[in-house]
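Colleague: I have a new model on screen and would like to learn how to read it. Can you take me through it feature by feature?

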Amino acid sequence: MLCGLASASAENYPYRSDYLWLTVPDHSDWLYKTGERAKVEVTFCRYGIPQDVEVSYEIGPDIMPSTQHGTVRLKNGRATIDMGTLKQPGFLDLRLTATVEGRQYPHHVKVGFSPEQLKPYTKDPADFDAFWKQTLEEARKTPVTATVEPVPAFTDDEVECSLVKLRIDKRHSIYGYLTKPKAAGKYPVVLTPPGAGIKTIQNHTDAYSRNGFIRMEMEIHGMHPDTPLETFREISAAFSGENAYLENGLDDRENYYMRHVYAACVRAIDYLTSLPEWDGKNVAVQGGSQGGALALITAGLDPRVTACVGNHPALSDMAGYLDNRAGGYPHLNRLHNMFTPEKVRTMAYYDVVNFARRITCPVYLTWGYNDNTCPPTTSYIVYNLITAPKEALITPINEHWTTDETAERQMQWIQQRLVK
């Protein structure tokens with residue numbers, strides 16, 4: 001069994017696939033200046049052997065409809081496709097399909113054109129700060145109260161884990177797995193908000209707590225994580241879809257579903273900084289996708305945050321489609337009547353770009369170019385707006401995922417920036 005595990009971990013092919021695409025842009029960083037032409041060498045292999053097959057392709061802006069179509073016959077399994085260029089900052093996507101024995105094998109690769117110049121469509125409301133100040137003041141009229149339940153399954157000689165239920169305002173509660181080192185001492189705290197969906201939370205906190213952190217991985221819907229999976233599915237269906245809560249109340253900034261969610265992240269920090277084991281100095285936020293958005297939002301709302309780490313943040317320049325280009329997840333352009341003046345006005349109060357403008361702590365962001373869920377266009381827009389000290393780990397080939405190695409690097413980045 002150990003040999004099998006070692007073999008699997010060493011694989012450099014798509015897992016147990018006979019087919020492999022290799023796409024290599026002629027700029028090694030996959031980046032070009034506006035007006036430069038991008039060329040991509042394409043290879044398609046079966047059993048590791050280059051195949052002379054016909055490949056159809058489309059080229060279009062990042063997650064937008066295609067503007068070019070064509071076919072190319074691979075010779076010795078290879079061909080070079082000229083993607084053309086963009087006159088404005090952005091990304092082009094080369095979408096490929098090979099057909100072998102009646103079965104289609106798709107692939108794609110995106111390249112960027114002066115993305116460091118990308119700017120948001122979303123405007124900064126004049127009363128943005130006043131709105132969120134009022135929201136937090138209202139939430140804090142209700143003291144944070146916690147119900148703490150030990151979780152033996154996630155506890156051992158080094159760490160202890162508890163399931164915490166936090167009352168965050170007069171109407172709402174959230175749950176979180178709180179994991180702490182067992183050794184006596186004072187520790188930095190890390191808040192990890194969740195990715196999108198109505199689903200249970202998983203405990204992934206051991207790596208942090210084994211390296212000297214107190215960490216809470218939270219959910220946002222007030223649902224006990226032991227709720228049966230079928231119940232989560234039924235609730236998702238009742239919302240008209242797993243992520244339809246992101247549309248709930250969008251006509252009115254006071255009633256939008258995410259208002260109490262953003263406040264809940266700050267209230268979770270209220271709780272974490274009340275723990276006697278907190279070191280009194282360090283507060284980090286870390287997450288991916290919707291969690292990456294919430295990490296950035298919390299850093300923009302709460303000056304106690306001393307470090308922020310995020311992957312491919314969602315909820316970023318959501319109205320960007322009105323500029324005829326990619327906008328952020330949840331891609332409201334795909335739904336009917338989502339860009340009314342009222343809804344666009346509300347979006348501005350909840351969009352990551354306007355929180356990014358206000359972040360003062362160091363930030364570490366990771367994103368990939370091939371991501372169609374949280375497209376690179378919007379990740380660049382967020383990063384370009386941050387004026388605080390910032391670093392980026394850009395992994396062009398990544399779609400909507402990161403590796404364990406990246407997660408470890410993020411934790412190490414937080415460790416290196418602890419306030420002594």
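Modeller: Start with a definition. Two strands pair if DSSP finds at least two bridges between them. Keep in mind that this is a predicted model.

Colleague: How many bridges join β8 to β9, and do they run parallel or antiparallel?

Modeller: The general idea comes first. Strands of a sheet pair through backbone hydrogen bonds, either parallel or antiparallel. Here β8 (residues 90-100) and β9 (residues 103-113) run antiparallel, joined by eleven bridges.

Colleague: In what sense do β17 and β18 pair?

Modeller: Parallel, over five bridges, with β17 covering residues 363-367. W367 has I394 of β18 as its bridge partner. Y364 is partnered by E391 in β18. On the other pairing, β16 and β17 are also parallel, over four bridges. There N311 stands opposite T366 of β17.

Colleague: Which way do the side chains of β17 point?

Modeller: In a regular strand the side chains alternate between the two faces of the sheet. In β17, V363, L365 and W367 point one way, while Y364 and T366 point the other way. Both sets are buried. The count for β17 is five of five residues buried.

Colleague: At what angle do α5 and α6 cross?

Modeller: Two packed helices are described by the angle between their axes and the distance between the axes. For α5 and α6, the axes come within 10 Å and cross at roughly 65°. That makes α5 roughly perpendicular to α6. The crossing of α5 and α6 is right-handed.

Colleague: Which residues make the contact between α5 and α6?

Modeller: From α5, take M258, V261, Y262, C265, V266 and I269. They meet Q290, L294, I297, T298 and L301 of α6. By class, this contact of α5 with α6 has nine nonpolar, two polar and no charged residues.

Colleague: Now the backbone. Where is the cis peptide bond?

Modeller: Most residues other than glycine have a negative phi, and most peptide bonds are trans. The cis bond here joins Y329 and P330, with omega about 20°. P330 lies in the loop between β16 (307-311) and α7 (341-350).

Colleague: What is the phi of S289?

Modeller: About 65°, which is positive, although S289 is not a glycine. S289 sits in the loop between β15 (278-288) and α6 (290-301). N337 also has a positive phi, near 65°, and is not glycine. N337 is in the loop between β16 and α7.

Colleague: Is S289 buried or exposed?

Modeller: S289 counts as buried because its relative accessibility is 10%, and the cut-off for buried is under 20%. N337, at 47%, counts as partly exposed.

Colleague: Which residues does P313 touch?

Modeller: Leaving out residues up to four places away in sequence, P313 touches S289, G292, A293, L296, C374 and S379. P313 is in the loop between β16 and α7. At 2% relative accessibility, P313 counts as buried. The C-alpha atoms of P313 and P396 are separated by 15 Å, and the two residues are 83 apart along the chain.

Methods:
Residues numbered from 1 in each chain as written. Predicted model: local features only at pLDDT ≥ 70, side-chain atom pairs only at ≥ 80, totals over all residues. Heavy atoms only, no water. Helix = DSSP H or I, 4+ residues; strand = E, 2+ residues; numbered from the N terminus. Buried < 20%, exposed > 50% of the residue type's maximum accessible area, 1.4 Å probe, protein only. Axes fitted to C-alpha atoms, helices over the stretch in contact; angles between N-to-C directions. Parallel < 35°, antiparallel > 145°, perpendicular 65-115°, else oblique. Left-handed = near helix turned anticlockwise from the far one by under 90°. Contact = heavy atoms within 4.5 Å. Nonpolar A, V, L, I, M, F, W, Y, C, P; charged D, E, K, R; others polar.
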